[in-house]
Amino acid sequence: MADKKFNPLPGFGLTMGYTLFYLSALVLIPIAALFLKTFQLSWHDFWRVVTHPQAIAAYKLTFGASLIAALLNAFFGTLLAWVLVRYEFWGKRFVDALVDFPFALPTAVAGLTISSLFVANGWLGRYLVPMGIQIAYTRVAIIIALTFVGLPFVVRTLQPVLANLEGEIEEAAATLGASRLRTFFSILAPTLFPTVLTGFALAFARAVGEYGSVVFVSTNMPYKTQIAPYLIVVRLDEFDYHAATAIAVVLLIISFLILALINYLEGWASRFHN
Amino acid sequence: MSIEVKNVSKAFGNVAAVNKVNFSVKEGELMALLGPSGGGKTTVLRMIAGLEMPTEGDIFIRGVRVNDISVQKRNIGFVFQNYALFKTMNVFKNIAFGLKIKKWKRADIAGRVEELLKLLGLEGLEKRYPHQLSGGQRQRVAIARALASKPSVLLLDEPFGAVDAKIRQELREWLVHLHKDLNVTTLFVTHDQEEAMEVSDRIVIFSKGNLEQIGAPREVYEQPANEFVARFIGVMNVLEVEVQNGVGRVAELEFPVPTHPDGKKMLIGFRPYAVQISTDLAQYRYRAVLVRTYFLGIMLRLELELPSGLVLRSRITKEEYALLGLSDGREISLQIRQYRVLSSEASGLPPELHTTYELPPTIGEHI
């Protein structure tokens, strides 16, 4: 006992134990099961399943649409957070509450709503379709759905950081002759960038995993509008469990690599912090 | 004149923060804006910088009215209380920021930044980020950044408020030296009267948005314009007296004030050093008991209680204290060598009555 290090914050053993148990039960064990199931396939079969042109098309659509949706959210989410933190206006609390809406709404409902808006006799579709703009059941609709479900992430991660920005920093820039625009791009943007990246990563991860809303806004046509999570369900329906897990594993690995890259970027962008 | 503030007022909503203030700062002067917090001094500084707009009145910098000139175009250097350094930029880029905006040439920027790093003792730190610097270093980077494009005036808001006492002392001396080297007109805000006294050529004293007095440190110390200044600058004994036959009286004390009418109530003030004491009970007119001694380093402050219960503060050196063989509880005699009528409470006193009354020194030492 004598060589046990004194720690003014007791409870490390207990909390760490719970943390490991919790993570194992919820995350590690299911993932391990996923990998184990997949490993029952031979390497050859695995490769055949995951490189099937239909699967490749599905990955491309999933990651492409998620990337576009996350980029849209990074831009407009930043704008929204900025407006919510910086300005006082009538109905601000209501707008703020709306941001959480995509968290609460069942995504299937969101999907149904979006498609019913854009179909030929929908509220928006009745004007857009005659102009030749077909959105319902296309890839554009998928992007809209993914943008919707990812909306809160950038806004909610950015809000506290924006609120904590010292006004003096901007005043200091002004006394040195910087215009508002210059101050935004030279001072504020680099400060906010790591946080925007975090929000972007969260929105992206959310979009990659999204299923419920996309099923309803897309025709789920193989090679065209079929996302990878849908393909997994298709394989399950075919009782091809191994193929389903194999695609899931690929999805998981690509997501992991992309998130690791974003994480690295965040570290680089916030090198000026401790 | 480098800075002129003419009849400037500032109201935030219904709250008057600054009230018809007039003062000017000479070219090359080091001036302090002093007052308790909420006195309006920072608001005045921010109006000069262009970070706040005056509700009325005019501000001139080097003879040009700047009311309608934006903060970006005023060519002032401003140092914020919490430094406000750009966290995403290293020291070099922080200092160079203003120069880049003014489109200096690359080589000129490098030269100027190097010059400033040297001047402020920051050599070797140009690649560090603000979070890698100590409080004092951050302060100096902020000053370097403000000085970079050779501003016509340097404005500092509580420059030493955020550093600890020891560093603050060093920074004060350093600011005086820097000012001497650069000779740039400098105006700084402080709530610390000692700091203002020690550092500045002249002091502007504010209270509740009003300008109370302007003067050299010695002037405001020795000839405070009113009760507020008297109490705010240094320690002062302030007593309310009533005049009878040209003498102001309170308890057993009498202060000759020849020109004042009978029955008038007014405030008399005197510094601790004006209270002379002796262990010879017959030497001076009043008797008192030394009730408590405060050690202030080389000087000691004494609390003296008169028989009526009135307590006065006196100040003597350690040597005198030892020489007199004083200790708490000892009975002494005292006199008040010098006192002033403080005008603020006694309304409508003509200015010629702000005189200091002196008693002829009796035997010996001045304190």
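Helices are here taken as DSSP runs of at least four residues, numbered from the N terminus. In this predicted model, one such element is helix α10 of chain A, which spans residues 180-209 and contains L181(A). With a relative accessible area of 59%, L181(A) is exposed, because the term applies to values over 50%. The C-alpha atom of L181(A) is separated by 42 Å from that of A120(A), a residue 61 places away along the chain.

A second pair of helices in chain A can be described by its packing. The description of two packed helices rests on the angle between their axes and on the distance between those axes. For helix α3 (residues 53-86) and helix α4 (residues 92-99) of chain A, the axes come within 10 Å and cross at roughly 145°. The crossing in which α3(A) passes α4(A) is left-handed. On the side of α3(A), the contact is made by L80(A), L84(A) and V85(A), while α4(A) contributes K92(A), V95(A), D96(A) and V99(A).

Chain B comprises nine helices and 21 strands, and its C-alpha atoms fill a box of roughly 80 × 45 × 30 Å along the principal axes. Of the 367 residues in chain B, 52% are buried. Where contacts in chain B join residues at least 6 apart in sequence, 63% of them link residues at least 24 apart. The accessible surface of the chain comes to about 16,600 Å², and carbon and sulfur atoms account for 50% of this area.

Within chain B, helix α1 (residues 41-49) is largely enclosed by the rest of the structure, because eight of its nine residues are buried. The buried residues of α1(B) are K41(B), T43(B), V44(B), L45(B), R46(B), M47(B), I48(B) and A49(B). The helix is followed by G50(B), which has a positive phi, near 95°.

A loop of chain B also takes part in contacts with chain A. Q72(B) is located in the loop between strands β5 (64-65) and β6 (76-79) of chain B, and its relative accessibility of 24% places Q72(B) in the partly exposed class. When neighbours within four places in sequence are left aside, Q72(B) is in contact with A174(A), G177(A), A178(A) and S179(A). By comparison within its own chain, Q72(B) lies 28 Å from W174(B), C-alpha to C-alpha, the two residues being 102 apart in sequence.

Terms used: Residues are numbered from 1 along each chain as its sequence is written. Chains are lettered from A and ligands numbered from 1 in the order in which they are written. This is a predicted model: local features need pLDDT of at least 70, side-chain atom pairs count only at pLDDT 80 or more; totals for chains, interfaces and linings use all residues. Side-chain values use heavy atoms; hydrogens and water are left out. Helices (H or I, at least four residues) and strands (E, at least two) are DSSP runs, numbered from the N terminus. Buried means under 20% relative accessible area, exposed over 50%, partly exposed in between (1.4 Å probe, protein chains only). Contact means heavy atoms within 4.5 Å. Accessible areas come from the Shrake-Rupley method with a 1.4 Å probe; for residues, only the protein chains shown count as cover. Axes are lines fitted to C-alpha atoms, for helices over the stretch in contact, and angles run from 0 to 180 degrees between N-to-C directions. A crossing is left-handed if the near helix is turned anticlockwise from the far one by less than a right angle, and right-handed if clockwise.
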